[in-house]
Amino acid sequence: MKELKNDRYLRALMRQPVDMTPVWMMRQAGRYLPEYKEVRAQAGDFMTLCKNAELACEVTLQPLRRYALDAAILFSDILTIPDAMGLGLYFEQGEGPRFSRPIISKADVLKLPIPDPEQELGYVMNAVRTIRQNLRGEVPLIGFSGSPWTLATYMVEGGSTKVFTKIKQLMYTDPDTLHLLLDKLAKSVTLYLNGQIRAGAQAVMIFDTWGGVLTGSAYREFSLDYMQNIIGGLQRENEGRRVPITLFTKGGGQWLEDLAQSGCDALGLDWSTDIHKARERVGDKVALQGNMDPSVLYAAPERIEQEVAAILDGFGPGNGHVCNLGHGIHQDVPPEHAGVFVDAVHRLSRAYHR
């Protein structure tokens, strides 16, 4: 087993004792950092940055140079799989991701390939290997994927949406075609995450960004069932260590009990869920990650510390908490405020781990 100098994050996910609560931030490598903007400008465009292993490694490591974070997360995008399926991913200035060939019919779904992680997605595996090598065992590396439902929303809508008209129309009028698409995506995500684990990711996370737009029954049928299939197919040990799996459904607080039964090791919480109540509901089944509102980072340092203290107090003493934001850090947050957050978690959490 390759030694890790700081395995606090992995231990917390397995609900093992730690000296203080580990912390990392969703989108910790990104546009709020001036050094990221420099590398992004050098790359020319976002996907070129993702596909260059050295540059992806550089931006992954940038926040670790600034802050005492307990994990690195692979710099990539959730839409790598649909892109590798041939849908023609591009990014409109100020508009977010778009596909030039969205899914319109069952025939479109039938001809979708299942990408090989070392071929069509080999650039991601190269980035994982490069990052692991450059981390030199300082902290663990998190790999990730979008959930099948979340990926399907982009593929059917043709890009970002606030109303989900096309995907819900497909769900209610032609559920068989949607299930066919979700099944292909679940197989693809399983291969993709296993590829990342073999390449060196020491934990993996499934981002179900849009699961919260579904009804309870639709969520279980079109999102959770497929995430459960993925969990059942993942390699759970590598390099002599357990590889923990975290599920994060934004807006999914009402389904925590179901999520906790999925076979995952940890649940990500957004800021709309009270962490104290979440812990009462799931007990010791899973660890919990979260869940400060990212907008708190606009506030003065004292206010940030108050919020950190409230979240730590809400979770209470004991093991199984990874402190994080309830979603990604905003691009106009002052970088020093992120430092206040990280330092406050470490300093204030020691009292809960005696």
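Reader: Which residues do ring pairs link into a cluster?

Author: In this predicted model, the cluster joins Tyr-36, Phe-46, Phe-75 and Phe-91 through ring pairs. A search of the whole structure turns up seven aromatic pairs.

Reader: Why is the pair of Tyr-36 and Phe-75 called tilted?

Author: Happy to go through it! The ring centres of Tyr-36 and Phe-75 are 5.7 Å apart, and rings pair if their centres lie within 6.5 Å. Their planes stand at 55 degrees; stacked needs under 30 degrees and edge-to-face over 60, so the pair is tilted.

Reader: Where in the chain do Tyr-36 and Phe-75 sit?

Author: Tyr-36 belongs to helix H2 (residues 34–43), while Phe-75 is in the loop between strand S1 (72–73) and helix H5 (80–84). They are 39 residues apart, and the pair links distant parts of the chain.

Reader: And what makes the pair of Phe-46 and Phe-75 edge-to-face?

Author: Here the planes meet at 70 degrees, with the centres 5.8 Å apart. The angle is over 60 degrees, so this pair counts as edge-to-face. Phe-46 lies in helix H3 (residues 46–51), 29 residues from Phe-75.

Reader: How do you know whether Phe-46 and Phe-75 are buried or exposed?

Author: Buried means under 20% relative accessible area. Phe-46 has 15%, so Phe-46 is buried. Phe-75 has 7%, so Phe-75 is buried too.

Reader: What makes you say that the charged end of Arg-279 sits over the ring of Phe-315?

Author: The charged end of Arg-279 is 4.0 Å from the centre of that ring. The rule asks for CZ of Arg within 6 Å of the ring centre and within 35 degrees of the ring normal, and Arg-279 is listed as sitting over Phe-315.

Notes
Residues numbered from 1 in each chain as written. Predicted model: local features only at pLDDT ≥ 70, side-chain atom pairs only at ≥ 80, totals over all residues. Heavy atoms only, no water. Phe/Tyr/Trp six-rings, centres within 6.5 Å; stacked < 30°, edge-to-face > 60°. Helix = DSSP H or I, 4+ residues; strand = E, 2+ residues; numbered from the N terminus. Buried < 20%, exposed > 50% of the residue type's maximum accessible area, 1.4 Å probe, protein only.
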